[in-house]
Amino acid sequence: MKLKITAGPFEFDAVLETAKAPKTSEAFLKQMPFEGKIVHVRWSGEGVWIPLGDLDFGVGYENHTSHPAPGHIILYPGGISETEILLAYGGVDFSSKMGQLAGNHFITVTSNLDKLPELGRLTLWEGAQSIRFETVEG
């Protein structure tokens, strides 16, 4: 399934990883269109995240990783840290002040990957940016 992500002044095409993370994908689709604010990660390296507090997507771990590649979007379903969605724009070692975490890789960005570091720098130096996920027909 194709998605469009608008983050700050940038647009990205993406795919929902329905075969690799079916439960996470299904739970996320129920929230669509999904909007939030991204801030720069505090502990994990080159990434931005959407803090989601105690929002419960009702999923456990599937297709989870602590080292998402640039353009990978993961959902941490909560537990020892708050629920969050993280978008890697470079090297990420996903963790919190509580220690190492793992999140479900459920979206892959497929266009404008060269703009991801610009989004990361913008978020780091200018602060929170709006983000919107929506489905695309076709």
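Modeller: In what follows, contact means heavy atoms within 4.5 Å. The model is predicted, so local features need pLDDT of at least 70 and side-chain atom pairs count only at pLDDT 80 or more, whereas totals for chains, interfaces and linings use all residues. Residues are numbered from 1 along each chain as its sequence is written, and side-chain values use heavy atoms, with hydrogens and water left out.

Biologist: What does threonine 135 touch, beyond residues up to four places away in sequence?

Modeller: Threonine 135 touches Met1, Lys2, Leu3, Leu29 and Met32. This threonine is found in strand S11; helices (H or I, at least four residues) and strands (E, at least two) are DSSP runs, numbered from the N terminus.

Biologist: How far is threonine 135 from valine 15?

Modeller: The two are 9.3 Å apart in space, C-alpha to C-alpha, and 120 residues apart in sequence.

Biologist: Turning to helix H1, which of its residues are buried?

Modeller: H1 covers residues 22–29, and Thr24, Ser25, Ala27 and Phe28 are buried there. Viewed down the axis of H1, the buried residues fall within an arc of 165°, so they line one face of the helix. That arc is taken over the directions from the helix axis to the C-beta atoms.

Biologist: What covers the buried residues of H1?

Modeller: The cover includes strands S2 (10–16), S3 (34–40), S6 (72–76), S7 (84–92), S10 (103–109) and S11 (129–135).

Biologist: How covered is S7 itself?

Modeller: Eight of the nine residues of S7 are buried.

Biologist: How does S7 pair with S4?

Modeller: S4 (residues 45–51) and S7 run antiparallel, joined by six bridges; tryptophan 49 has leucine 86 as its bridge partner in S7. Strands count as paired if DSSP finds at least two bridges between them.

Biologist: Now serine 96: where is it placed?

Modeller: Serine 96 is in strand S8 (residues 95–96). With a relative accessible area of 11%, serine 96 is buried. Leaving aside neighbours within four places in sequence, serine 96 is in contact with Trp43, Ser81 and Leu101. A polar atom of the serine 96 side chain lies 3.0 Å from the backbone nitrogen of methionine 98.

Biologist: Which peptide bond is cis?

Modeller: The bond from methionine 32 to proline 33 is cis, with omega near -10°. Proline 33 lies in the loop between H1 and S3.

Biologist: What is phi at asparagine 63?

Modeller: Phi of asparagine 63 is near 50°, a positive value. Asparagine 63 sits in the loop between S4 and strand S5 (64–65) and is partly exposed, with a relative accessible area of 30%.

Biologist: And what of phi at asparagine 112?

Modeller: Phi of asparagine 112 is near 55°, again positive. Asparagine 112 belongs to the loop between S10 and helix H2 (116–126), and at 37% relative accessibility asparagine 112 counts as partly exposed.

Key:
Buried < 20%, exposed > 50% of the residue type's maximum accessible area, 1.4 Å probe, protein only. Polar contact = N/O pair within 3.5 Å; in protein donor to acceptor, adjacent residues only side chain to side chain.
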